[in-house]
Each structure stands twice: as structure tokens, then as C-alpha cells.
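Hello,

Here is the structure I promised to pass on to you. Have a look at it first, and then read on for what turned up.

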Amino acid sequence: MACNFMPFMADIILRGYSGWNSRRAVQILDQVFPKDAAKQPSLVIVYFGGNDSILPHATGLGPHVPLSEYIENVRKIAIHLESLSEKTRVIFLTAPPVCEKQLRASLSGAVDMVRTNDSCRIYSEACLEVCRGMNLKAIDLWTAMQQVENWETVCLTDGVHFTAEGSKIVVKEILRVIKEANWEPSLHWKAMLTEFSEESPYDPVSEGKTVNVSEHDLTGDSPWE
């Protein structure tokens with residue numbers, strides 16, 4: 001990828017909490033995104049809904065979050081993140097689809113909980129509706145994944161987790177939203193400022209001269225447009 005050569009001024013921080021739902025996320029919002037931090041994020045991508053949409057367990061335990069609470073949690077998360085700074089942008093990812101047949105085969109006896117694709121759809125649509133009402137960017141993963149032929153095996157490893165191809169769909173959709181967003185400044189990778197972009201004798205040589213890779217695309221068109 002062309003962007004591998006270009007020293008963009010961007011730090012990416014991953015906050016992946018395995019098995020979490022929106023209820024737990026709301027509880028630690030202030031710890032992960034303190035309002036008094038010296039630097040606030042330019043973009044936050046929020047991904048909750050898949051675990052929330054798991055059907056309720058008879059014991060009352062487990063990751064299920066009622067739909068009404070999930071909707072309210074999405075609002076709370078969005079309000080908190082948008083309050084961090086005037087330039088903090090937010091993208092929500094909806095619950096993805098699941099392949100129930102694969103799940104039954106891969107998780108049989110391992111965990112006592114039920115996921116259905118229809119429940120994922122309901123939570124996905126709820127997330128999209130909240131984001132429309134709050135004028136926030138959202139990506140409909142539930143629909144995007146199922147546009148792929150044989151998506152159950154092409155996009156999913158075990159009925160719920162993404163394959164490499166499934167992950168590529170997520171990346172493609174995120175980059176599309178960033179590119180199309182009317183944000184100032186733009187957060188698209190081609191519009192970002194570069195760090196240490198001055199000419200250097202240590203740059204790669206082409207036709208007897210050095211090439212400043214901060215200003216040139218040496219590999220042609222990037223697949224991540």
C-alpha cells in the first residue's frame with residue numbers, strides 16, 4: 001500500500017475488550033476518554049451491538065442488553081465522545097450478521113448463549129436509527145457483509161468472527177465514510193499532513209535521483225482509496 005511509505009501524523013489506539021457490551025462500555029467511558037485529557041482523539045470508531053443482541057439467558061446473566069437500554073447506551077457514548085472536543089469525529093459500526101449454523105457447530109457445549117441473525121438485524125437497525133437522529137456517521141455491517149456471495153463462509157470463521165475477507169469489508173466501509181465525510185480537517189489518509197516530509201539523501205533512488213516518498217506514490221493506485 002502506498003500509505004506504508006508515508007509518515008502520516010496519526011496515532012492509532014486500539015481498545016478491544018473481548019466479550020463486552022454497551023452497558024460495560026458506558027461504565028468506563030470517563031476512564032478511557034477523560035474529558036480533561038491534554039489531547040483528544042480526532043476520530044473514534046465505536047463497535048457495540050453484537051454481544052448486546054445475544055438473546056437473554058434464563059439466569060439473567062450474560063452479555064444481553066435489552067434493546068431500549070442499548071439504544072440509550074449508544075446515545076450516551078455518542079454524547080460523551082462528541083463532547084471531548086469540537087474536532088472529535090465519531091463513526092459507529094452496527095452489529096454484524098451471524099451464521100447460526102456455523103455458531104452451533106463451533107460453539108456447541110462451549111458457551112450457553114444464543115445468537116440469531118434476526119436479533120443482530122434489530123440491533124443494527126436501532127444503531128443506524130440513533131445515528132441518523134444524532135447526525136452521526138454509521139456503517140451498516142449487517143447489510144454490507146451479506147452482500148458478499150457465500151458470506152457465511154467467506155466473511156466469517158466460526159459464524160461470528162471475521163475472516164481476512166470480512167475484515168477487508170470493514171476497512172473498506174470505514175475508509176469510504178471517512179473519504180465522503182465533509183469534515184474539516186479531512187481525516188482521509190491522502191489529505192493528512194505528513195511528518196518529517198523534507199527531502200533527504202536517504203530517500204529511495206529512482207533514475208539517479210532521490211524520491212521524496214512523503215510526496216509520491218511509488219506503488220501506483222492504493223487499494224484503500
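A word on terms before the tour: helices and strands here are DSSP runs, at least four residues long for a helix and at least two for a strand, numbered from the N terminus. Please keep in mind that this is a predicted model.

On that basis, the protein has eight helices and five strands. Starting at the N terminus, the order of the elements is α-α-β-α-β-α-α-β-α-α-α-β-β. The C-alpha trace spans about 70 × 45 × 30 Å along its principal axes. Of the 225 residues, 38% count as buried. Among contacts with a separation of 6 or more, 71% are between residues 24 or more positions apart.

The accessible surface comes to about 13,600 Å², and carbon and sulfur atoms make up 53% of that. As for charge, there are 21 positive and 30 negative side chains, with the centres of the two sets 5 Å apart.

An α-helix has 3.6 residues a turn, so residues three or four places apart point the same way.

Most residues other than glycine have a negative phi, and most peptide bonds are trans. In this model, a cis peptide bond joins E184 and P185, with omega about 0°. P185 is found in the loop between α8 (164-180) and β4 (205-206).

N135 is not a glycine, yet has a positive phi of about 55°. The residue lies in the loop between α5 and β3 (137-139). Is N135 buried or exposed? At 72% relative accessibility, N135 counts as exposed.

E207, also not a glycine, has a positive phi of about 55°. Its place is the loop between β4 and β5 (209-210), and E207 is exposed, with a relative accessible area of 79%.

Happy browsing, and do write back with any questions.

Best wishes

Key
Residues are numbered from 1 along each chain as its sequence is written. This is a predicted model: local features need pLDDT of at least 70, side-chain atom pairs count only at pLDDT 80 or more; totals for chains, interfaces and linings use all residues. Side-chain values use heavy atoms; hydrogens and water are left out. Buried means under 20% relative accessible area, exposed over 50%, partly exposed in between (1.4 Å probe, protein chains only). Contact means heavy atoms within 4.5 Å. Accessible areas come from the Shrake-Rupley method with a 1.4 Å probe; for residues, only the protein chains shown count as cover. Lys and Arg count as positive and Asp and Glu as negative; His and the chain ends are not counted. The place of a charge is taken as NZ of Lys, CZ of Arg, CG of Asp or CD of Glu.
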